[in-house]
Amino acid sequence: MAQSIDLGEAMPPSGALPSSVIEDVESRSWHGYVHIPFCRVRCGYCDFNTYTAAELGTGDGAVSQTAFADRLIAEISFSQGVIEKAGLPKRELGSVFFGGGTPTQLPAGDLVRIFEALSDTFGIAPGAEITTEANPDNVDEEYLQELRAGGFTRVSFGMQSAVPEVLATLERTHKPENVPTAVSAAKSAALAVSVDLIYGAPGETLEQWRESLRAAIELDPDHISAYSLIVEEGTKLARQISRGQLPEPDEDLQADKYELADAMLTDAGFAWYEVSNWAKSADRRSRHNLSYWQSQDWWGYGPGAHSHIGGTRWWNVKHPAAYVQRLAEGVSPAHSREVLDRAVRAQERILLEIRTDSGLDIELVKAVNPDANRVIAAAIADGLIEPAAALHGRIRLTLKGRLLADALVRDLLG
Ligand SMILES: C[S@@+](CC[C@H](N)C(=O)[O-])C[C@H]1O[C@@H](n2cnc3c(N)ncnc32)[C@H](O)[C@@H]1O
Ligand code: SF4
């Protein structure tokens with residue numbers, strides 16, 4: 001969620017927000033994202049904004065991981081000034097999500113210190129969800145206990161697969177047996193647990209995917225995300241595929257894998273609530289991710305992080321050295337911003353809300369597409385959306401619709 005495209009207008013150095021951000025503010029909740037742009041090594045498929053120690057260098061101008069928490073805390077204090085000047089009311093944070101990169105590359109004490117700065121600045125709403133992503137091979141029980149004691153409530157592990165050959169293709173550093181150890185440590189620390197899986201690594205068979213799903217279910221987590229592997233341009237994986245060293249993911253096999261995931265997860269008592277996400281019960285859904293899908297307000301702290309308040313969104317400079325320098329100079333670390341008009345906001349809501357199990361109000365589609373009735377009737381005839389929900393004015397995806405969600409959105413937007 002921290003990535004963004006470099007379009008838009010320049011952000012003023014003061015970071016000042018337009019007056020439109022306060023419209024209807026009482027109808028929106030408030031959230032924080034913290035981007036930690038460090039990884040021990042880069043996995044071949046990943047194009048997240050993250051850097052290894054070697055990439056960040058050691059000489060003058062190098063970015064120190066040790067001092068990084070202080071820079072983030074500087075952005076938190078900067079954000080407080082921007083929010084007050086915009087006339088936004090003080091709101092407690094309903095969730096905070098530490099993502100990366102690998103947040104757990106930093107000592108637990110640094111993550112807790114950043115969280116405390118957010119808590120002191122904004123306050124934390126009762127029952128708030130405070131998550132960190134973690135790589136299964138760089139946390140132990142002591143580390144996770146320290147996070148729990150410091151206010152964290154949830155950890156999301158990058159499991160990806162349970163099959164050694166698939167982990168090797170993905171260039172993951174952890175062994176399959178690290179995952180149960182990390183998950184039981186998190187449970188002992190009273191943290192809720194989510195695991196991320198990836199399906200479609202080159203050469204992965206349906207049986208191997210079944211084995212990964214079985215292993216993930218066996219862990220008895222609260223929540224599972226299953227992502228179709230995206231071959232991102234510029235990654236080592238993309239180069240290996242274009243040189244013919246690895247086969248390209250097969251679309252039909254990907255669809256079979258999604259169907260298998262939904263069937264096995266449903267059997268095991270998980271319910272889908274977003275195309276790539278399943279939870280054991282409604283209260284174990286990721287409230288933080290729901291805030292993105294429902295276009296709430298959040299500030300994204302850290303290099304490359306993006307933010308959204310009341311229809312204005314902006315994104316920070318990507319390189320940690322540029323980020324640190326801007327904060328040291330007391331200017332906004334934002335690279336650019338966009339003030340979305342009503343039409344674009346409606347389109348974004350369609351794109352995001354359709355992926356969730358509560359679906360989308362048909363009126364939203366009618367507002368942007370004069371041909372909405374015909375497109376919706378065709379989607380019902382094709383088995384992409386539920387007829388009963390449509391009768392009640394909502395567009396809700398069927399299993400087939402979830403598989404073809406991107407194409408359906410294009411049709412709905414007209
Ligand atoms: C920032 S990483 C998670 C934390 C930690 N860095 C790790 O990998 O263990 C977030 C998640 O994005 C997913 N992801 C990253 N690159 C992807 C890609 N190219 N295609 C699909 N999913 C991807 C992975 O499932 C990963 O767990
Ligand atoms: S550990 Fe996570 S963030 Fe880092 S390179 Fe691998 S998938 Fe990307």
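Me: How many aromatic pairs does a search of the whole structure find?

Reply: The search returns 12 aromatic pairs. Rings of Phe, Tyr and Trp (its six-membered ring) pair if their centres lie within 6.5 Å; planes under 30 degrees apart are stacked, over 60 edge-to-face, and the rest tilted. Trp-299 and Tyr-301 are a stacked pair, with 5.8 Å centre to centre and 20 degrees between the planes. Phe-38, Phe-68 and Tyr-323 form one aromatic cluster.

Me: What should I know about the model itself?

Reply: This is a predicted model: local features need pLDDT of at least 70, side-chain atom pairs count only at pLDDT 80 or more, and totals for chains, interfaces and linings use all residues. Residues are numbered from 1 along each chain as its sequence is written, chains are lettered from A and ligands numbered from 1 in the order written, and side-chain values use heavy atoms, with hydrogens and water left out.

Me: Are Trp-299 and Tyr-301 buried or exposed?

Reply: Buried means under 20% relative accessible area, exposed over 50%, partly exposed in between (1.4 Å probe, protein chains only). Trp-299 counts as buried because its relative accessibility is 3%. Tyr-301 is buried too, at 1%.

Me: Which residues have the most contacts inside the largest nonpolar core?

Reply: In soluble globular proteins, nonpolar side chains tend to be buried together. A nonpolar core is a set of buried Ala, Val, Leu, Ile, Met, Phe, Trp, Tyr and Cys residues joined through side-chain atoms within 4.5 Å. The largest here has 98 residues; Val-34, Ile-36, Leu-144, Phe-152, Phe-157, Val-195 and Ile-395 have the most contacts inside it. This core draws at least three residues from each of domain 1 (9–293) and domain 2 (342–414). Those bounds come from an automatic or database domain assignment.

Me: How many residues of each domain are in contact with the other?

Reply: Contact means heavy atoms within 4.5 Å. By that test, 13 residues of domain 1 touch 10 residues of domain 2. The C-alpha centres of the two domains lie 28 Å apart.

Me: Which residues is Asp-262 in contact with, beyond its neighbours within four places in sequence?

Reply: Trp-272, Trp-278, Leu-399 and Arg-402. Asp-262 counts as buried, at 9% relative accessibility.

Me: Which residues surround ligand 2?

Reply: A residue is near a molecule if one of its heavy atoms lies within 4 Å of it. Around ligand 2 are Cys-39, Arg-42, Cys-43, Tyr-45, Cys-46, Gly-101, Thr-102, Asn-135 and Arg-172.
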